[in-house]
Amino acid sequence: MFLTSKKSGLLAAAFLTSFAALSQEVQNLPVPLEIQKAYENGTRSTDGKPGAKYWQNHSDYKIQVDLNPATRRLSGTEQVVYTNNSTTRLQNLVVRLYPDIFKKDANRDEREIDPSDINESGVDVESISINGMEAKIQRNGTNMFVSVRGGLAPGEKLTLDVKWNYLIPAKTHIREGIYFNTSYMVAYWYPQIAVYDDIDGWDKQDYTGQKEFYNDFNTYDVNITVPASHLVWATGEWQNPDKILSTEYLNRYKNSRTSSEVVKIVSSTDREKGGITLAKTGTHTYHFKAEHVPDFVFAASDTYLWDAASAVADPKTGRRTGVAAVYHPSSKDFYDVCRYAKQCVEYFSTYLPGVPFPYPNETVFNGSGGMEFPMFVNDGSYPPAFAAEVTAHEIAHTYFPFYMGINERKYAWMDEGWAQTLPNWLEFDIAGMPKKFMPQQTNAAYFDQFAGKEQEQPMMVPTNLLNGSAYTFATYMRPSQAYTFLRDMLGHDKFKATLQEYMARWNGKHPMPYDFFFSFNDYLKEDLSWYWKPWFFEKGYPDLALTDVSDKKGKTKIVVTRKGSLPVPIRLIVLFNDDSTEEINETARYWKDGAKTFEVDKKFGKPIKKITLSGLMIPDVNRKDNVWEPAAKQ
């Protein structure tokens, strides 16, 4: 409809009025235009809650896949029922073909790919149709654009059928691959419908290796055919163990589902004697189902051992989560990983975040690096302390990004920062290491190395624009410190309650950074912009200095000066001549109103040997001015 000038003027005035009101509500933080539009459209609200008109789309996958370890060929067919809950008629679908990263002309970042794994074709799409009719496609990078005849109207569904195959890389391990010659971790393997959301529309970003993922919440019904020699573990709940496992191993598996102790389902001795599965030759087909999860992965091996147990995920109902570790016999650290996994599920369910573990299973696979998937982890072999740390970190990802539907491609700090923070009081404890080995010391030390450097970028710079150390620092180290000091400032109980409220509002959806900021503000009834701005929006670094220590009328005056822009806690450790100590602590809230100094004026009653500022738990880019000792007597 063509607008007359009078109608245009009225609409413009209405827009300016609503924009002014919006700006008044969020003026303390800079809000990008597309986020403002979401507020105006009612899909999100400035109190940090989903808007009355919030929506998200959904896919139901039925997949049949055949893995041939002898040829490395994966072949599959899938049928996807896709529901358009948006307010827009969709003229095409965006389908991700992740294995196209191995195509000769693919756009790849610094992740190493073995030259022998680069190929000409990537994913071989043998056939594709929508509602039974052959579909027109265009491929660009790792995305396939599929035309929808007549478009898909709001509220409508369509059925996408795809037949495809590709060659699993022989030597490259970008979160998945082949291990110990015959064991497979299979991820990013099926044609996956991309996210269409209320902020950006279709997510068209290429998968280039480093940046991770953003998925809708879907259902999966998957049949996986492998040689009879291979066992399979996967996302979801196993539907047919009685059709696969021989009686002895089926009983062990069933016992593990309720056992608090680790059950050795398959040991080295079992591998030697064989007879684990009913099928002795040929193939067998595993059946898995998963509901309301953002992805599906599986693994297969003819050599791995299998430990399993269960953890109480919800103390109120007694609901349990099955945990497992599957690993090569040579990976000695993995003999304890099932126990680590059990303790992680219990810790996260009760202590922090204190939300019952949302999945029925969690399997840790012995592969490489450390990578999370729904109900699944791919971890390399490490010394005991680090094995515990990486296990805890990856299982923490169950909440962020999976339970919370985070867009890692744009805001990786919204999940990696939490995975770096939540296990801080757990990792070394489950490995039996002394309490003095606190992960926070490591995080603070890393922070000291990078904060304030030229390559450092604010966290609110979209993750897809960052690379190398800038990506790592903004994604892991800086947010972990921001969350840790926020907890310190609010106190554990209030922090936990506020985090749980944010999670209750947004789990199963797609929160953006402002949903996090405003949810905390709303629940606490406090504007934390003074904290959000320097930590998340601005470049800056932590730097406190011990600028004066003097005696006056029997009292000791201590002055701490804030040289850096980041609000961090104040910790003064006063060591006396008799080697006793006294601590003086203030949270980061002390700097809320722009104070530049912190002063102590106190009579200690004993001679002071040394005063130390910050300590190892608080980052500081210049520790040379953090120690005071009395001048030596002449």
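This is a short chat about a predicted model and some of its local features.

Q: How many aromatic pairs does a search of the whole structure find?
A: The search finds 72 aromatic pairs.

Q: Take Trp418 and Tyr483. Why is that pair stacked?
A: The ring planes sit at 10° to each other, and stacked needs under 30 degrees, so the pair is stacked. The ring centres are 3.8 Å apart.

Q: Which helices do the two residues come from?
A: Trp418 is in helix α9, residues 413–421. Tyr483 is in helix α12, residues 468–490.

Q: New topic: the open sheet with β3 in it. What's the strand order?
A: The order is β6-β7-β3-β11. Four strands form this open sheet, and their pairing is antiparallel.

Q: Which strands are at the edges?
A: The edge strands are β6 (137–140) and β11 (192–193). Each of them pairs on one side only.

Q: How many bridges are there between β3 and β11?
A: Two bridges, in the antiparallel sense. Strand β3 covers residues 90–96.

Q: What is the bridge partner of Arg96 in β11?
A: Gln192 is the bridge partner of Arg96.

Q: Switching to the backbone. Which residues does the cis peptide bond with omega of about 10° join?
A: That cis bond joins Leu352 and Pro353. Pro353 is in the loop between α5 (337–350) and β22 (361–366).

Q: What about Phe400 and Pro401, what kind of peptide bond joins them?
A: A cis peptide bond, with omega of about 25°. Pro401 is in helix α7, residues 398–403.

Q: Why point these out?
A: Because most peptide bonds are trans. Most residues other than glycine also have a negative phi.

Q: OK, phi then. What is phi of Arg72 near?
A: Phi of Arg72 is near 65°, a positive value. Arg72 lies in the loop between β1 (58–68) and β2 (73–83).

Q: Why does Lys553 count as exposed?
A: Its relative accessibility is 84%, and exposed means over 50%, so Lys553 counts as exposed.

Note on methods
Residues numbered from 1 in each chain as written. Predicted model: local features only at pLDDT ≥ 70, side-chain atom pairs only at ≥ 80, totals over all residues. Heavy atoms only, no water. Phe/Tyr/Trp six-rings, centres within 6.5 Å; stacked < 30°, edge-to-face > 60°. Pairing = 2+ DSSP bridges. Buried < 20%, exposed > 50% of the residue type's maximum accessible area, 1.4 Å probe, protein only.
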